[in-house]
Amino acid sequence: MSESEKEDLMSEIRSAREDVSNVSRMLLDLEGELGEIESALATLPSTLEGLRHRGYVFLRYLDRSLDSLSSNWRDVGPPMREAARSLKDSFESDVESLQAEIDRAESELERSPAGATSRYEQVVESLSSRAETLDSRARQDAEHVTSSLKRFKEALSSIQSDISIAEKTLQLTSQASFRLREGENPLLALRAKYLLGEKNEGVFFLTDQRFSFEGERDVVLEKLWILPTKKRKERFMVAEAPIGSIAEIAKGRVGLLEWTGIYVRFKPETGWA
């Protein structure tokens, strides 16, 4: 057997090792994903409650969705964890024994002269077939658990994303130069660039009473030669309008590079249209 044929066998062994490693990773990933879901469901209710106490009153669907998801998990979580444990018990010994055989075959093949490796062809072929079968069987047996976990992770991801938006909204609102009026509640705040007139970078605010855009600029307080050594962030109001003057707020594309933008269309009678 030539050196190239020996390398082909080594490549097949590496492929078999990867198939076995895939099974190990899948079993570990199942445990990790179960833990992530349980951890998120344990912490998100208090996070959401904290947002409510701090004055974020919108996205009420989050309370219902999180309660529903937690209730569902109490029903299906324990059976899924038991199924994951059974999968691990079922495949762990097969993974370990096949991995040991692959290591042994690889070690022996590496030490063999190029012309004396033909007797390993059947061994490597058998290892490749068994590893591929093990990988396929493990994926098939785990399909029910992985598909259920995927649905839970997608639902959690949506909730976590909206909670992050609410947290950022409260953070940016607390840093604004203006103060909320009595009875005014923040809905959305995000960093943006105002594109009408003099372009300003700053923060877009939307409450249940008004729309506003607050610009930001650095004011140099001290310099060393021409280099600023001390700066202060200055915030100033660029635009403000009552919420009732807005006809539509829509997501769109801005500029040739198609950046994401927000289009605010005002009612004609406001004079902003």
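Q: F204 and F211: buried or exposed?
A: Both F204 and F211 are buried (under 20% relative accessible area; exposed is over 50%, partly exposed in between, 1.4 Å probe, protein chains only).

Q: What kind of model is this, and how are residues numbered?
A: It is a predicted model, where local features need pLDDT of at least 70, side-chain atom pairs count only at pLDDT 80 or more, and totals for chains, interfaces and linings use all residues. Numbering starts from 1 along each chain as its sequence is written, and side-chain values use heavy atoms, with hydrogens and water left out.

Q: How many aromatic pairs does the structure hold?
A: The structure holds five (ring centres of Phe, Tyr or Trp, its six-membered ring, within 6.5 Å; planes under 30 degrees apart are stacked, over 60 edge-to-face, the rest tilted).

Q: Why is the pair of Y194 and F213 called tilted?
A: The planes of the Y194 and F213 rings are at 35°, so the pair is tilted; the ring centres are 5.2 Å apart.

Q: Where in the chain are Y194 and F213?
A: Y194 is in strand β1 (residues 186-194) and F213 in strand β3 (residues 210-224), so called from DSSP runs of E, at least two residues, numbered from the N terminus.

Q: What relative accessibility do Y194 and F213 have?
A: Y194 is at 15%, which counts as buried. F213 is at 3% and also counts as buried.

Q: Back to F204 and F211, what are the distance and angle?
A: F204 and F211 form a tilted aromatic pair, 5.5 Å centre to centre with 45° between the planes.

Q: Changing topic, how many residues does helix α1 have?
A: Helix α1 (residues 3-53) has 51 residues; helices are DSSP runs of H or I, at least four residues. From first C-alpha to last, α1 reaches 71 Å, close to the expected 75 Å (1.5 Å times one less than the number of residues).

Q: Where is the kink in α1?
A: The kink lies at T43, shortly before the proline P45, and is about 30° (the angle between axes fitted to the seven residues ending there and the seven starting there).

Q: What follows α1?
A: G55 follows α1, and its phi is positive, near 110°.

Q: Which residues does E33 touch?
A: E33, found in helix α1, touches L149 and K153, leaving aside residues up to four places away in sequence (heavy atoms within 4.5 Å). E33 is partly exposed, with a relative accessible area of 21%.
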